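Q: Could we go through this model together? I would like to begin with the overall fold and then turn to some individual residues.

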Amino acid sequence: MSPVALNKMSRTEKYKFITIVLFILIITVLAWQSDDAYHAYVMAKNLVAGNGFVYNIGERATASSCPLFTLVIAVGYFIFRNMFLVSLLICIIFSTAAYISVLKNFCINVKQVLLTFITLIGSLCFVSYTTSGLENCLLFFLTAIFVKYYFQSKVYNNKQLFILAILMSLIAMTRMDAVLIFIPMIFYVYLTKRDGVSFIKAIFIGLTGLAPFILWELFATFYYGFPFPNTAYVKLGTSIPEKEYLIRGIQYFITSLSFDPILIIIPVFAIVLVIYVKNSQFTMCMAGVLLYICYVFYIGGDFMVGRHYTVLFFISVIALLYIINNNEIENRIKRNVSRGYITILSISLLISYTVKPITDQYLFNSGKSPISDERGGYFQYTSLYNNAISYFRTGNMVIRNAWNESGINELREAGYKSGLVIMVPGISIYYNSDIYLNDLYALGDPFLSKLPAVRESNWRIGHMWREAPVGYVETVLSGINQIENESLREYYEVIKFITRGDLWDKARIKAVIDINMGKYDHLLEEYRNTLDENNHQITESYYLTR
């Protein structure tokens, strides 16, 4: 921007521009890649190469829980052919666009611009997931657009109803469970705030807007054989008691609060304000935040500290700005909300760097916590900064050093074209995609993911491993079904037919319908009856390599 154009700006616009530049600089300097992002990158790479939208070539299975974001990554990779750089660029663009949208639509003075900037940059987890290669950045962008249309009107016409429905559809395609945040707002709008639109017409508009998601679900069921991503079955179909999930969810909440106080305190503050601020739009927005917090408890949280709270944090910041700027709310209330916000922010930032050493020492570095600071663990090898420094010094990037690939090397040396190892990270699969690879965590294994997870005292959400049934390792190596358990041998054949058979075979389509209707569930139940209380096989389990 030229000095002349900058001089013509108002004081508020100048501060907006300065903070945008600082925002981009900060998230770029701290940009990094999560290993989990590479599961989606593998699929994007295979799609661009003409091998299908799959995890392993020749098997229609998905290891991505964010199909829309994965498709966006695929488009970027198709153009630039550098996955590491283009994925980070896409993350930075979406996150910056989200921030710009908040400044443009909800910040009306310098104080609010600085308050928003300090709040967002002050959250360690929010900054972490502005990049990371995960779908959070796209959720930030879609959230910013959704709440813009949601808060800008009191009643909604045809066009506005359609836009909100389309955004819901895109959010569902980005991360299916994220729609829980927006469901109360959508119900509020469609049921009570239609502007001359009949209920029947509103339903038609809503279904039309949801068409992209509906079509995706039909495609996924037809193509993969299942409506939900394979990762959903891995994380929730474990046979681990719900009580243990709830305990993990509480642990996740407390750990996130300790590691990044502002991330949790801001949404909690906004929820409590519902009692004080009588505004139905704000109430429905906070109802979605509360609903998702309960959901995170229910699913056991996550192993990435704070990740599932970042969108809640972001939308809460926007909702607070909406209250502060709302002309229908008493000035006294708005002043109190603003003072409370600043006080909460100051206290949160003050204690953040006091409790963080405690969190690092006693939670993350103790080896006992199932929750981790992923950016802290991966930054050395997957950050933009360290890879750029390494490339300019040596001509090589350090990302390949993130994991030991000895197990994969053993497969190559033995002459195998496929294999099942105990753990194979997304980064390793991306750089070894010429081999069929899966592991006991089963993120990309459509058969193993349906089996009960081994129950351990310190299990991690998303990392509940399955014991390979006797004969399954040999089955993967040879391509010939050698599973000893009769029920699982039959179930494997069904999965193989669905994921590798002719797409248009009528018998395959029937099998897809049958498996989703539960016709083959008895086979899994018969297998469960052979396991002990921790889901271990009573017979000896063994693997090709560690």
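**Overall fold and selected residues**

A: The protein chain has 26 helices and two strands. The radius of gyration is 24 Å, close to the 24 Å that the globule rule gives for 546 residues, so the chain is as compact as a globular protein of that length. Please note that this is a predicted model.

Q: What does the C-alpha trace span along its principal axes?
A: The span is about 75 × 65 × 45 Å.

Q: And how much of the chain counts as buried?
A: Of the 546 residues, 56% count as buried. The accessible surface of the chain comes to about 23300 Å², and carbon and sulfur atoms account for 63% of that surface.

Q: What about contacts between residues at least 6 apart in sequence: what share joins residues at least 24 apart?
A: That share is 73% in the protein chain.

Q: Switching to charges, how far apart are the mean positions of the positive and negative ones?
A: They lie 15 Å apart, with 45 positive and 39 negative charges in the protein chain.

Q: Now helix 26, please. Which of its residues are buried?
A: In helix 26, which covers residues 521-528, Leu523, Leu524 and Tyr527 are buried. Viewed down the helix axis, the buried residues of helix 26 fall within an arc of 95°, so they line one face of the helix.

Q: Why would residues three or four places apart point the same way?
A: An α-helix has 3.6 residues a turn, so residues at that spacing point the same way.

Q: And what do the buried residues of helix 26 pack against?
A: They pack against helix 24, residues 486-500.

Q: On to the loops. Where is Asn279, and is it buried or exposed?
A: Asn279 sits in the loop between helix 15 (261-276) and helix 16 (280-298). Its relative accessibility is 9%, under the 20% cut-off, so Asn279 counts as buried.

Q: Which residues is Asn279 in contact with, leaving aside neighbours within four places in sequence?
A: Those residues are Lys154, Tyr322, Ile323, Asn326 and Ile329.

Q: What is the phi of Arg81?
A: Arg81 is not a glycine, yet its phi is positive, at about 55°. Arg81 lies in the loop between helix 4 (67-80) and helix 5 (83-106), and at 48% relative accessibility Arg81 counts as partly exposed.

Q: And Ser132: where is it, and what is its phi?
A: Ser132 is in the loop between helix 7 (124-128) and helix 8 (136-151). Its phi is near 80°, again a positive value in a residue other than glycine. Ser132 is buried, with a relative accessible area of 0%.

Definitions and conventions
Residues numbered from 1 in each chain as written. Predicted model: local features only at pLDDT ≥ 70, side-chain atom pairs only at ≥ 80, totals over all residues. Heavy atoms only, no water. Helix = DSSP H or I, 4+ residues; strand = E, 2+ residues; numbered from the N terminus. Rg over C-alpha atoms; globule rule 2.2 N^0.38 Å. Buried < 20%, exposed > 50% of the residue type's maximum accessible area, 1.4 Å probe, protein only. Contact = heavy atoms within 4.5 Å. Areas by Shrake-Rupley, 256 points an atom, 1.4 Å probe, with all protein chains shown as cover. Lys, Arg positive; Asp, Glu negative; His and termini not counted. Charge placed at Lys NZ, Arg CZ, Asp CG, Glu CD. Arc of directions from axis to C-beta.
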